[in-house]
Amino acid sequence: MAFGIRRDELTAWKEAVSRGEIAFLTHYWLDPRFPGCKTVTKVGCADLSRLSAWCVSHGLPPRYIHNRSPFPHFDLLGPRQAEILLAEGQEEQARRFGLV
């Protein structure tokens, strides 16, 4: 279950993903499969080659990309989430969701 984002944020993320940009969308999220994780960041890009390269550049396995047309994405959660958000200049998202 996702919550804590506005419709305009979701729309902007979808538009950026559709343009082939690497786009970040963090939201609160609860899933019993991941106890202790309260947020997730969807890193999306419609260009799968670009998204795969992005994963590799951060030491993440591209095989975990959710290839869901029209918004393929990689789910960032856990300890690496804040680290990567900060490295990618997404301080506002990291702070807003209490990751730093």
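Is T26 buried or exposed? T26 is buried, with a relative accessible area of 1%; buried means under 20% relative accessible area, exposed means over 50%, and partly exposed lies in between (1.4 Å probe, protein chains only). The structure is a predicted model, in which local features need pLDDT of at least 70, side-chain atom pairs count only at pLDDT 80 or more, and totals for chains, interfaces and linings use all residues. Residues are numbered from 1 along each chain as its sequence is written, and side-chain values use heavy atoms, with hydrogens and water left out.

T26 is found in strand β2. Helices (H or I, at least four residues) and strands (E, at least two) are DSSP runs, numbered from the N terminus. The side chain of T26 makes polar contacts with the side chains of T41, at 2.7 Å, and Q93, at 2.6 Å. A polar contact is a pair of N or O atoms within 3.5 Å; within protein, one must be able to donate a hydrogen and the other to accept it, and residues adjacent in sequence count only if both atoms are side-chain atoms. Beyond its neighbours within four places in sequence, T26 is in contact (heavy atoms within 4.5 Å) with residues including I5, V40, L85 and F97.

Rings of Phe, Tyr and Trp (its six-membered ring) pair if their centres lie within 6.5 Å; planes under 30 degrees apart count as stacked, over 60 as edge-to-face and the rest as tilted. By this rule the count comes to five aromatic pairs. The rings of W13 and F71 have centres 6.0 Å apart and planes at 40 degrees, so this pair is tilted. W13 lies in helix α1 (residues 7-18) and F71 in the loop between α2 (48-57) and β4 (73-76), so the pair ties together parts that are 58 residues apart in sequence. The pair of Y28 and F97 is edge-to-face, at 4.8 Å centre to centre and 65 degrees between the planes. This pair links distant parts of the chain, with Y28 in strand β2 (residues 23-29) and F97 in the segment after α4 (91-96), 69 residues apart. F97 is buried at 5% relative accessible area, whereas Y28 is partly exposed at 30%. Together with F3, Y28 and F97 form one aromatic cluster.

Helix α1 can now be considered. Its buried residues are E9, W13, A16 and V17. Seen down the axis of α1, these residues fall within an arc of 100 degrees (taken from the directions from the helix axis to the C-beta atoms), so they line one face of the helix. The buried residues of α1 pack against β2, β3 (39-44), β4 and α4.
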